[in-house]
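Please find below some notes on the structure. They are set out as numbered points.

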Amino acid sequence: MLGRRRFGQRVGLLAACLALAAGAPRGTARPTLAIERQDQWSTWWRADHAPERWAAAEPRVTRALAWRRLAGGVEWATARLAGSAPAWRTRLIVVRLDPRRVRFELALDLADPSGRPAWTIDRAPPGALVAVNAGQFVGSMPWGWVVMEGTQRLRPGVGPLSSALALDTSGTVRWIAGDSLRLPANGVRTAFQSYPTLLRDDGSVPNALRASGRGVDLGHRDGRLAIGQDRDGRVLLVMTRFAALGGLAEGLPVGPTTPEMAAVMGALGARDAVMLDGGISAQMVLREPASGRTWRWPGWRKVPMALITYPR
Amino acid sequence: MPVHLLAAVLVLAATPIAISPAHAGIRDLAKSAKEKAAKATGQKSADHPCTGMDAQFSETTIELTGDVLDKLLASRKATQPMRDELAKLLARRVTIQREIEDLRGKHGDAIVENENRRAEFRSCMNSTLEGIKQRKVQTEMANTMANPRSAEKLLKLTAAFNDAQMKGDTAEVNRLQREMGSLFDATHADSLEAEKQCGRMPALHPATVKVDALNQELATIDEKIRDLEKQATKVQADKCKLTKGQIAMAWERITMYVGKSKNDAKPCGFSAAELSALSERKDALAAELEG
């Protein structure tokens, strides 16, 4: 008993000392983001020095990613981020897809007969390489523009911080930002809209994400999911998972703020990026065709629409 | 609780807020202490308490007090007429989807064959019209160059085109391209000549016509569903005096709570007052999520 108590005292004392030595984040501290590489952490973003435009990827972030091949044209990597409370630790899952080598399809999935959203990663087709929830939704239907198999299924939504992604059969991805509504009429096979826009005009962070009071809650933390495109034309899917407590609470909707997520996408080299539905909706599955192995990050609720990636 | 387990929990509680990224190695120490503690007590990770996971309220995340929950439930009830209409639309949606599946099931091969024949016709017409256009270009060029006035006009047009290209004036390039191209565009007579070679476009298969009409109806219904849901959201926001974002986040957290409760797991990220209010209304909230 004495031994146990001594052990307990020692560990408790150690915890207290560490807290003092390491300097717990103070209330006045501005949020920062650090990334782990080979057990070393480097801070690469500070809210009070946030770039207005990401002209290139941030080497401290890209070097921390060890890419793994999933299939032809699909790679993925994970990394750990350290941020401000309560998102002390966030696991970043990054999937990089070459749209010339893979094919994107949308699945609109409503339950029969209730009509309620029915899609989860369990409903991803067997041939899918990557499946992830797409767009945003309020009730049963996705928000905004939806084109499936070349046919417009839902008309465009309006919002200054919205972005539309339009994909054609050749693998060209077009981004249409905000209210321009200059949507391509022909040649679009798959398209959807989402919000808020994180990056536009070759890596610029929208004004509404740079200062509060412009319609976006800049302090809200949540599990995040975003899609972007880098300067080599590759599509990036980025998901965050709460990774404090040794990953025991991965499903908790805690994570980066919207400006922090814009920084993550910019640091990964995206020139365009938009948030997808995060929080309890965020879910993704990766399937390696060679081995049949899957990696799953389930969500807490069913969603109406998914973006499915197949080999070409 | 055994003392060493308490100590391990203390370390876990202190670690996330205390360590800076540079001291991440400490995480391993904490993890090791936690693992030792869990091993000693046979505790499973799923039983881990919500240490350090206190509720965080913000502009979007509001505290789910009894009053807030009652307002949310009442506002959902106020949308009942819209939900009834929604149920009718959703039922029709299901019927349409079944009809489309039936048609594709019964006529799948015939539809594909019809689409292939139509594609062959389009391909034949395109190549024949291109041949006609090339012949026209050669003839027109020969005529134009033989006439000094029209030759000068063509040279001016070409110079303007090159100039616009040099300046990167895409709009002007497109305009001039259209102007020059229009000289040789296919006429009705050209189409008739091509049809002599390719025959007539095969009519759409009747099943395709029905599927297209059903898809059109489906798109109309989907828009109606979306409009109704938009109305319902507005009614809820007005009734609750909350923003749409606050309502959405409240229901997200309720969904998490109900989901966790179903699995008999301890819901994390809720205040004590919230847990009490949610527990009192658990059945009503679950019914609302199912309904």
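1. Of the 312 residues of chain A, 51% count as buried, that is, with 20 or more other C-beta atoms, placed from the backbone, within 10 Å of their own (12 or fewer: exposed; in between: partly exposed). The model is predicted: local features need pLDDT of at least 70 and side-chain atom pairs pLDDT 80 or more, while totals for chains, interfaces and linings use all residues. Residues are numbered from 1 along each chain as its sequence is written, and chains are lettered from A and ligands numbered from 1 in the order in which they are written.

2. Chain A has three helices and 19 strands, these being DSSP runs (H or I, at least four residues; E, at least two) numbered from the N terminus.

3. An open antiparallel sheet of chain A has five strands in the order β6-β19-β7-β17-β18; strands pair if DSSP finds at least two bridges between them. Because β6 (102–108) and β18 (294–297) of chain A are edge strands with a single partner each, one side of each has no neighbour in the sheet. From one strand to the next, the twist averages 10°, with axes as lines fitted to C-alpha atoms and angles from 0 to 180 degrees between N-to-C directions.

4. Within this sheet, β7 (residues 130–133) and β19 (residues 305–311) of chain A run antiparallel and are joined by four bridges. Asn133(A) has Ala306(A) as its bridge partner in β19(A).

5. In chain B, helix α8 (residues 206–240) comprises 35 residues. Its buried residues include Asp222(B), Arg226(B) and Glu229(B). Lys241(B), with a positive phi near 60°, follows α8(B).

Key:
The expected span of a helix is 1.5 Å times one less than its number of residues.
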